[in-house]
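I opened this notebook page to record what I looked up in one model, entry by entry.

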Amino acid sequence: MKVGFIGLGIMGSPMAGHLIDGGHEAFLTSRSGVPQELLDKDAKACDTARAVAEAADVIMTMVPDTPDVEKVLFGEDGVAEGLSAGKLVIDMSSIGPIETKDFAARINELGCDYLDAPVSGGEVGAKAGSLTIMIGGPDAAFARAKPLFDLMGKNITLVGGNGSGQTTKVANQIIVALNIEAVSEALLFASKAGADPAKVREALMGGFASSKILEVHGERMIKRTFNPGFRIELHQKDLNLALQGAKALGVSLPNTATAQELFNSCRAHGGAGWDHSAMVRALEMMADHEVA
């Protein structure tokens, strides 16, 4: 296929690379420019999102937040200006479900299909091509895009209509945040009590407490490797979506709110760009003790 990809950051660049490696012709653009490693694979750099949409049959976006998606799609020289009937737009960013439904309707009015397909798995999953992809949209559009998703992910699910993918991603981010908080508390408790947190983690990995968060982020907490795979400021954005949606639905999410406050504490100490596993630092400051 002729595939366009807009947004080539920590996640987007390896995702686009898998599409190229899969034999697809790629048309790329990003605020930070197109990485040389993708150009070396014969990807074509475009100056604008409009140019990407004009050249490609399937256009994917992977940008930070709802306003960024709106600008890329409907701003000056945006995707919408380059679309023609029959093309497919796939937003793989993590944004608001309500806005997603509006974006889908506006793209549909141009005679094109729209899928919301946010991902989970972080930088590791993006590089490995093992992302979980949660999709909202029509069956036919999903079938068309499935070969592309297969190159980027392993757990690929069409959840329902447009907006369902983003709703699932918000639910995912609630679970991830609360698991990070639980692992942080457990390792901090063990370390403060005098146990070796690395050995505690090793023991727990063989029991019912085992989880991907304990495996990956628990190791980050112990080794102090907080360079971002997924930045705290981005997880804050996702939890804001959860809390705003909960308010609209009349649902209480008390532990999600607590996790957000811990992220807020990290951010107040200069940690907006830390990996979200660094939530442990907020708890460490309160305990005056570092997991190590």
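**Entry 1, two loop residues.** I began with Asp-42, which I found in the loop between helix 2 (36-39) and strand 3 (44-45); helices (H or I, at least four residues) and strands (E, at least two) are DSSP runs, numbered from the N terminus. The model is a predicted one, in which local features need pLDDT of at least 70 and side-chain atom pairs count only at pLDDT 80 or more, while totals for chains, interfaces and linings use all residues. I also noted that residues are numbered from 1 along each chain as its sequence is written, and that side-chain values use heavy atoms, with hydrogens and water left out.

Asp-42 is not a glycine, yet I read a positive phi of about 75 degrees for it. Asp-42 counts as exposed because its relative accessibility is 61%; buried means under 20% relative accessible area, exposed over 50%, and partly exposed in between (1.4 Å probe, protein chains only). I then turned to Asp-77, in the loop between helix 4 (66-74) and helix 5 (79-82), where phi is again positive, near 60 degrees. With a relative accessible area of 31%, Asp-77 is partly exposed.

Is Thr-256 buried or exposed? I found Thr-256 in helix 13 (residues 254-268), and it counts as buried because its relative accessibility is 3%. Leaving out residues up to four places away in sequence, Thr-256 touches Ile-174, Leu-178, Leu-239, Ala-242 and Leu-243, where contact means heavy atoms within 4.5 Å.

I looked up how helix 9 (residues 164-192) packs with helix 12 (residues 232-249), and the angle is about 115 degrees with the axes 9 Å apart; axes are lines fitted to C-alpha atoms, for helices over the stretch in contact, and angles run from 0 to 180 degrees between N-to-C directions. From helix 9, Val-170, Gln-173, Ile-174, Val-176 and Ala-177 meet His-235, Asp-238, Leu-239, Leu-241 and Ala-242 of helix 12. The residues of this contact divide into seven nonpolar, two polar and one charged; Ala, Val, Leu, Ile, Met, Phe, Trp, Tyr, Cys and Pro count as nonpolar, Asp, Glu, Lys and Arg as charged, and the others, Gly among them, as polar.
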